[in-house]
Amino acid sequence: MKYILPLLLVTASLFGDQTFSMIKPTAVKEHHIGGIIDAIEKANLTIVALKMQTISKEQAEAFYGEHKGKPFYPELVQMMSSGPVVLMVVEGDNAVPALRKVVGSTDPKKADAGTIRATFGKSVGENAIHASDSSESAAREIAFFFN
Ligand code: IDP
Ligand code: MG
């Protein structure tokens, strides 16, 4: 019994933390899947699950439920359901902040040079990629798209 906690800790550190990411429809249409995945891997993060699908308006509404009522919400839902996206589970040390760092600020014009949004984003609404903002969001978002 006393070995269970240390075993869990060792197992968790072996696998690292997980976060969730999604390449948005505009970036897929503009052939940036390869460039974006390359940037994630160069940040020493590991993609452990990946699939492509077009999400429904209802899924986009539920996924971005925290933004319901904001002026950009209808446009966001429309945009996210407008074509195929790439859904990914990403793993690594401090995966959530590590991925947010390589993704960059919400507004591509304000994002640090070399980040995914600075390189591949066009505007706040078309900023190439989503990345979970906390481990709680990551767990919820992974469960939303992967079972
Ligand atoms: P984040 O993606 O950097 O976490 P959030 O504030 O959670 O940013 O917003 C979710 C998404 O909603 C953004 O990635 C962006 O595409 C979109 N968004 C946020 N604010 C605006 C806005 O003012 N106009 C248009 N779209 C927006
Ligand atoms: Mg967010």
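This is a predicted model: local features need pLDDT of at least 70, side-chain atom pairs count only at pLDDT 80 or more; totals for chains, interfaces and linings use all residues.
Methionine 22 stands opposite histidine 130 in strand β4. Residues are numbered from 1 along each chain as its sequence is written, chains are lettered from A and ligands numbered from 1 in the order in which they are written, and side-chain values use heavy atoms, with hydrogens and water left out.

First, the strands. Helices (H or I, at least four residues) and strands (E, at least two) are DSSP runs, numbered from the N terminus. Strand β1, residues 17–23, is joined to β4, residues 129–131, by three bridges, and the two run antiparallel. Two strands pair if DSSP finds at least two bridges between them. β1 also pairs with β3, residues 84–92, over seven bridges, again in the antiparallel sense. Serine 21 is the residue opposite methionine 88 in β3. Of the seven residues in β1, five are buried (under 20% relative accessible area; exposed is over 50%, partly exposed in between; 1.4 Å probe, protein chains only).

Next, the rings. Rings of Phe, Tyr and Trp (its six-membered ring) pair if their centres lie within 6.5 Å; planes under 30 degrees apart are stacked, over 60 edge-to-face, the rest tilted. That rule gives six aromatic pairs. In one of them, the centres of phenylalanine 63 and tyrosine 64 are 5.0 Å apart with the planes at 90°, so the pair is edge-to-face. Phenylalanine 63 is buried at 3% relative accessible area, and tyrosine 64 is buried at 7%. Phenylalanine 63 also pairs edge-to-face with phenylalanine 144, at 5.8 Å centre to centre and 65° between the planes. This second pair links distant parts of the chain, helix α4 (residues 57–63) and helix α8 (residues 135–145), with the two residues 81 apart. Phenylalanine 144 is partly exposed, at 35%. Phe20, Phe63, Tyr64, Phe144 and Phe145 form one aromatic cluster.

Last, the ligand. Which residues are around ligand 1? Among them are Tyr64, Phe72, Arg100 and Asn127, each with a heavy atom within 4 Å.
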